[in-house]
Amino acid sequence: MDDVFRALADPSRRALLDSLNEQNGQSLRQLSARLSMTRQSVSKHLAVLEAAHLVSTQRRGREKLHFLDAGPIRAIADGWIKQYERAPTAPSYPWTEWHDAPSQP
């Protein structure tokens with residue numbers, strides 16, 4: 001789970017995932033062009049996403065196509081985040097009273 005959170009922490013990697021979500025099975029060249037990033041940058045980000053099992057690859061001739069695997073994101077949403085649906089939203093201490101109180105000189 002930590003690998004997934006680390007991978008999702010970077011906005012460029014989230015943009016890559018968004019691009020693959022819109023059009024799955026893109027090559028490095030296609031991803032680079034869509035995101036206005038160098039191939040080297042995209043390649044490094046894709047390696048992190050692959051290590052987190054968020055992207056898988058498949059060779060088709062000379063091209064290596066990249067595919068989104070949202071399974072790890074769903075696992076976090078269904079397993080870890082879902083437990084907070086029933087968690088209290090109001091603070092258990094009067095933080096708002098303290099925060100809203102006028103400051104004294």
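Guide: In this predicted model, S12, R13, L16 and L17 of α2 meet V42, H45, L46, V48 and L49 of α4. Contact means heavy atoms within 4.5 Å. Helices (H or I, at least four residues) and strands (E, at least two) are DSSP runs, numbered from the N terminus.

Visitor: What classes of residue make up the contact of α2 with α4?
Guide: Six are nonpolar, two polar and one charged. Here Ala, Val, Leu, Ile, Met, Phe, Trp, Tyr, Cys and Pro count as nonpolar, Asp, Glu, Lys and Arg as charged, and the others, Gly among them, as polar.

Visitor: And at what angle do the axes of α2 and α4 cross?
Guide: Roughly 80 degrees, with the axes coming within 10 Å. Axes are lines fitted to C-alpha atoms, for helices over the stretch in contact, and angles run from 0 to 180 degrees between N-to-C directions. The two helices therefore count as roughly perpendicular; that word covers 65 to 115 degrees, while under 35 is roughly parallel, over 145 roughly antiparallel and the rest oblique.

Visitor: What about α3 and α4, how do their axes cross?
Guide: The axes of α3 (residues 28-35) and α4 come within 9 Å and cross at roughly 110 degrees, so α3 and α4 are roughly perpendicular too. L28, R29, L31 and S32 in α3 meet R39, V42, S43 and L46 in α4. By class, that contact has four nonpolar, two polar and two charged residues.

Visitor: Which residues does L16 touch?
Guide: Not counting residues up to four places away in sequence, L16 touches L31, L35, V42, H45, L46 and L49.

Visitor: Which residues in the largest nonpolar core touch the most other members?
Guide: Of its 14 residues, those are L16, L31, V42, L46, L49, L54 and V55. The elements giving two or more residues to this core are α1 (2-8), α2 (11-22) and α4. A nonpolar core is a set of buried Ala, Val, Leu, Ile, Met, Phe, Trp, Tyr and Cys residues joined through side-chain atoms within 4.5 Å.

Visitor: Switching to histidines: is H66 buried or exposed?
Guide: H66 is buried, with a relative accessible area of 4%. Buried means under 20% relative accessible area, exposed over 50%, partly exposed in between (1.4 Å probe, protein chains only). H66 lies in strand β3 (residues 63-68), and beyond four places in sequence its contacts include L20, L31, L46, V55 and T57.

Visitor: Where does T57 lie?
Guide: In strand β2. T57 is partly exposed at 32% relative accessible area. Leaving aside neighbours within four places in sequence, T57 is in contact with E50, K64, L65 and H66.

Visitor: And H53, is that buried or exposed?
Guide: H53 is exposed, at 56% relative accessibility. H53 sits in the loop between α4 (39-51) and β2 (55-60), and beyond four places in sequence it touches D69 and P72. The C-alpha atoms of H53 and V4 are 7.8 Å apart, although 49 residues separate them along the chain.

Visitor: Last one: how many helices and strands are in the chain?
Guide: Six helices and three strands, running α-α-β-α-α-β-β-α-α from the N terminus. Of the 105 residues, 24% count as buried.

Methods
Residues are numbered from 1 along each chain as its sequence is written. This is a predicted model: local features need pLDDT of at least 70, side-chain atom pairs count only at pLDDT 80 or more; totals for chains, interfaces and linings use all residues. Side-chain values use heavy atoms; hydrogens and water are left out.
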